[in-house]
Amino acid sequence: MGLRHVKGNKPVERLLEFIPCDCTTGEALCHNAIEALTAVGLDVKLCQSQTMDGAGNMSEKYSGFAAQLRKESPKATYYYCSSHDLNLALCKSCDVKEIHLMLDTIKQLGIFFHYSLKRSRRLEAAVNEIN
């Protein structure tokens, strides 16, 4: 989970934590996110916006993560993450080999960690150790 906030009139983005999820429904993901925010002393009711990809479990109008979060924080307007579109545009239209290699490497790293619970847990432990 990443957080974006303003500090000294400048936006700051931080990785809060990797959240283990046994269930990927919008309701379950939202519950996990609220628990993570609460655990570090943040009040979810103060959330002003949210951004994520357009997957159904995230953006679905009634049961997606965004809809569930709005129940807890009515001001948390959902915005589609344009970075996903940028990534697709770069992959499809860019002729720079290094860009393709970089994007493919990032994708492969995501797959590497996503499909192995053991690797995911080790990554989480490494990030927690650094933070």
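User: Starting with H1: what end-to-end span should its 14 residues have, and how far apart are the end C-alpha atoms?

Analyst: This is a predicted model. Helix H1 covers residues 26-39, and at 1.5 Å a residue its 14 residues should span 20 Å. The end C-alpha atoms are 20 Å apart, so the two values agree.

User: Which residues of H1 are buried?

Analyst: Gly26, Leu29, Cys30, Asn32, Ala33, Ile34, Ala36 and Leu37.

User: And what covers them?

Analyst: The cover includes strand E1 (2-7), helix H2 (56-59) and helix H3 (65-72).

User: Where does H1 show up in the largest nonpolar core?

Analyst: That core has 11 residues: Leu29, Cys30, Ala33, Ile34, Leu37, Val44, Met52, Met58, Phe65, Leu69 and Ala76. The elements giving two or more residues to this core are H1 and H3. H1 gives the most, with 5 residues.

User: Take Ala33. What is it in contact with, beyond its neighbours within four places in sequence?

Analyst: Ala33 is in contact with Met1, Ile19 and Phe65.

User: Now Leu37. Buried or exposed, and why?

Analyst: Leu37, which sits in helix H1, has a relative accessibility of 11%, so it counts as buried. The cut-off for buried is under 20%.

User: What does Leu37 touch, leaving out residues up to four places away in sequence?

Analyst: Met1, Leu3, Leu16, Leu42 and Val44.

User: Which residue just after H1 has a positive phi?

Analyst: Gly41, with a phi of about 85°.

User: Switching to the strands. How do E1 and E2 pair?

Analyst: E1 and strand E2 (residues 10-15) pair in the antiparallel sense over 6 bridges. Leu3 has Arg14 in E2 as its bridge partner.

User: What about the turn of that hairpin: how many residues lie between the strands?

Analyst: There are 2 residues between the strands, and in this hairpin Gly8 takes a positive phi near 60°.

User: Charges next. How many salt bridges does the structure hold?

Analyst: It holds 3 salt bridges. Side chains of opposite charge can pair when their charged atoms come close.

User: Go through them. Which residue does Glu13 meet?

Analyst: Glu13 meets Arg4, at 3.3 Å from N to O. Glu13 has 55% relative accessibility and so counts as exposed. Arg4 is at 59% and so counts as exposed too.

User: What does Lys45 pair with?

Analyst: Lys45 and Glu72 meet in a salt bridge at 3.9 Å, N to O. This pair links distant parts of the chain: Lys45 is in the loop between H1 and strand E3 (49-52), Glu72 is in helix H3, and they are 27 residues apart. Glu72 has 35% relative accessibility, so it counts as partly exposed.

User: And the salt bridge of Glu124?

Analyst: Its partner is Arg121, with the closest N and O atoms 3.1 Å apart.

User: Why are Glu124 and Arg121 about one helical turn apart?

Analyst: Because they are 3 residues apart in helix H6 (residues 117-130).

User: How accessible is Glu124, and how accessible is Arg121?

Analyst: Glu124 has 14% relative accessibility, so it counts as buried. Arg121 is partly exposed because its relative accessible area is 34%.

User: What else lies in H6? Is Ser120 buried or exposed?

Analyst: Ser120 lies in helix H6. Its relative accessible area is 17%, so Ser120 is buried.

User: Which residues does Ser120 touch, not counting those up to four places away in sequence?

Analyst: Phe113 and His114.

User: Last topic, aromatics. How many pairs are in the whole structure?

Analyst: A search of the whole structure finds 1 aromatic pair. Phe112 and Phe113 form it, and the geometry is edge-to-face: 5.1 Å centre to centre, with 85° between the planes.

User: How accessible is Phe112, and what about Phe113?

Analyst: Phe112 has 39% relative accessibility, so it counts as partly exposed. Phe113 is partly exposed, with a relative accessible area of 23%.

Methods
Residues are numbered from 1 along each chain as its sequence is written. This is a predicted model: local features need pLDDT of at least 70, side-chain atom pairs count only at pLDDT 80 or more; totals for chains, interfaces and linings use all residues. Side-chain values use heavy atoms; hydrogens and water are left out. Helices (H or I, at least four residues) and strands (E, at least two) are DSSP runs, numbered from the N terminus. The expected span of a helix is 1.5 Å times one less than its number of residues. Buried means under 20% relative accessible area, exposed over 50%, partly exposed in between (1.4 Å probe, protein chains only). Contact means heavy atoms within 4.5 Å. A salt bridge is a side-chain nitrogen of Lys or Arg within 4 Å of a carboxyl oxygen of Asp or Glu. A nonpolar core is a set of buried Ala, Val, Leu, Ile, Met, Phe, Trp, Tyr and Cys residues joined through side-chain atoms within 4.5 Å. Two strands pair if DSSP finds at least two bridges between them. Rings of Phe, Tyr and Trp (its six-membered ring) pair if their centres lie within 6.5 Å; planes under 30 degrees apart count as stacked, over 60 as edge-to-face and the rest as tilted.
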